[in-house]
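Here is a set of exercises to work through with the model open beside you. Try each task first, then follow the solution step by step.

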Amino acid sequence: MIGKYWSTYAIGFVAYFFVLFPASGQTQSDEQPNVTNGIAQQSDPSVDVPGGRGSAEAAKPSDAGSYEALERELAAMRERIAKLEDELKASRLAPGEDAGTKDAERLTNAGAKLVEPEPLGSALPGAANPASVQSVIGAEETSKSAPFAYADWSWLNGNSRTKDSPMATKYFTPEFRADVNYILDFNHPKDDSMGGSTESFRSDEVQVEQLSFGGDFRIDNVRGRFLTMYGMFATTTPRNDASPVRGQWDLANAYRYVSEAWGGYHWNVQHGLNLDAGIFVSYIGLFSYYNFDNWAYQPSFVSSNTPWFFNGVRVQWFPTDKLKIEPWFINGWQSYGRPNGKPGLGGQILYRPKSWMALVFNNYGLGEDAVGIPNRSRLHTDDSVEIKYYDNPSRFLDKAAFTFTADAGCEFGGGVSCTGKGGNPKQSFLGFMLYNRVWFKKDLYGLTIGGGKMNNPGRYLVLLPPINGATAATGTPYYTENPGQPYHAYDMTTTFDYMPSQFITFRAEMGYRHTDLPYWSGKGGITPPGGNNGAPASYVCASGASAGTNVLSTAEVNCGGGLSSVWFPDLRTGQVAATGAILVRF
């Protein structure tokens, strides 16, 4: 009888196959809900919003359609089987013959069993029991709307303008960044060495400032992100952190090639609750750590002289889709380790009430960040407003926005004070920056004009010039950072961007920076005769040898010829620089 009714079995088997594997054209893609323990889910990586020094990925609410959709599909399959059964009876069976009906009923019953949750695994060919079928794992679940997903924030300063990630998968969103520049310092230092910046390092040369790759992982609400750091940043960032000299294990080299490395967990609470630990980007100073995300290449002092990263633990709480509250427990102020006995505490409040407005409030305190001075603590507040005041995509000038940032802070204890009272020198920080940007021809071109000012008595946030290879840990006698020493500076830049794709920016910039005392590299350079001698904390003799002391009078004696026998770097009060850069991010 099987031979006679082989077509009944064949057609029934095809229908049975399509019941198990609907011909949707995709299998477990981002567009098709995934069944996990009887619940269909659809989710993208949750938002990780730095509010200035990082990037944001919107998360979509999970789709819990689950069994209703499956039952409808199975009902349709049963109707198709019944129709095939009737057609076969009419065309193949003799009058009164019903032997094939029993087989068709078996196929129908087999499809009907699929609507029951428990036997789902056993319905698969070759499956012995439900436990043998591996459940599909979701990415990250956020039932309510994702934070800040109600608007396009690519116009923000410090936020990536890319909107697509073509290589992304359900669980991993890759990221690649390249930043290559050519900077011409009009002081023309003979050693091509520039100082006083966390973005501009070499003059009259093509340099790879940043080469990074990595990405974001989201698996079953477990989160992680890593991004490597190669290029000039791998040298220039660690040298500004003095904490590795405290203790062992060479923290500077351990973290040199890492810009972000953290793992954590996401709870589906309100609009999201995240707990992350590791190295993550700092939000102080509005501008992003990565130049692709910024309106200008060389930011003003309140950004360039404040932290680019933290090493610690953070909580991100999104009570609404317009608000983020984020406390930090960190080792210190841009430090791999703990500079002294107390760690740092801080946090951010990011509020975006309208699609054209963003407010960022960052605060830091408690940390003892002066290595070797355990009783000196630091306070700092950094507050920004970003306003998009014009938006008309149909016009040639299609968009305009401005940002304003104000910073204030001080150090107290260990022989200094915030006000200068009580006989202790004043150790404080006060600064601001203002930028205005306009976009043209559907964001093909961008023009930014801005600058800022800084006053930092005590120089505790001044970037030490790399004279004779000096770092934040070694110091240099040629530019001291002692309590009460003055530092006043201002700067301004004009930046033009050509953006033929969301993944690349061609940038040209002119900038001027000024200080009240000599600070910037001059024509004579900041490298001793014969190169760095390995003793940056001491004066250098005219021969290039170390004087073996940081006391000038003693150096004159040791070098054997008075003041003329001591080498001095060429420092100036002003710097004019032209920058050309190609910035890639995808």
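**Exercise 1: Strands side by side**

G346 stands opposite Y364 in strand 11. This is a predicted model, in which local features need pLDDT of at least 70 and side-chain atom pairs count only at pLDDT 80 or more, while totals for chains, interfaces and linings use all residues. Residues are numbered from 1 along each chain as its sequence is written, and side-chain values use heavy atoms, with hydrogens and water left out.

Task: find how many bridges join strand 10 to strand 11.

Solution. 
- Step 1. Helices (H or I, at least four residues) and strands (E, at least two) are DSSP runs, numbered from the N terminus. Two strands pair if DSSP finds at least two bridges between them.
- Step 2. Strand 10 and strand 11 (residues 357–365) run antiparallel and are joined by eight bridges.
- Step 3. Look at the turn: a hairpin joins these two strands through two residues.
- Step 4. Now go to the other neighbour. Strand 9 runs antiparallel to strand 10, with eight bridges between them, and P327 stands opposite G347 in strand 10.

**Exercise 2: A strand with two partners**

Solution. 
- Step 1. Check the cover. Five of the seven residues of strand 5 (residues 222–228) are buried, where buried means under 20% relative accessible area, exposed over 50% and partly exposed in between (1.4 Å probe, protein chains only).
- Step 2. Strand 4 (residues 205–219) runs antiparallel to strand 5, with six bridges. R218 stands opposite R223.
- Step 3. The hairpin of strand 4 and strand 5 has two residues between the strands, and D220 there takes a positive phi near 55°.
- Step 4. Strand 6 (residues 258–267) also pairs with strand 5 in the antiparallel sense, over seven bridges.

**Exercise 3: Strand 22**

Task: say how many bridges strand 22 makes with strand 17.

Solution. 
- Step 1. Strand 22 (residues 574–585) is mostly covered, with nine of its twelve residues buried.
- Step 2. Strand 17 (residues 504–515) pairs with strand 22 in the antiparallel sense over eleven bridges; R507 stands opposite A581.
- Step 3. Strand 3 (residues 172–185) pairs with strand 22 too, antiparallel and over nine bridges. Here V180 has I582 as its bridge partner.

**Exercise 4: Rings**

Task: classify the aromatic pair of Y255 and Y336.

Solution. 
- Step 1. Rings of Phe, Tyr and Trp (its six-membered ring) pair if their centres lie within 6.5 Å; planes under 30 degrees apart count as stacked, over 60 as edge-to-face and the rest as tilted.
- Step 2. The whole structure holds 35 aromatic pairs. Y255 and Y336 form a stacked one, at 5.2 Å centre to centre and 20° between the planes.
- Step 3. The pair links distant parts of the chain, 81 residues apart: Y255 is in helix 5 (residues 251–255), and Y336 is in the loop between strand 9 (323–330) and strand 10 (344–354).
- Step 4. Y255 counts as partly exposed because its relative accessibility is 26%. Y336 counts as buried because its value is 4%.
- Step 5. For a further example, F201, F233, Y289, Y290 and W308 form one aromatic cluster.
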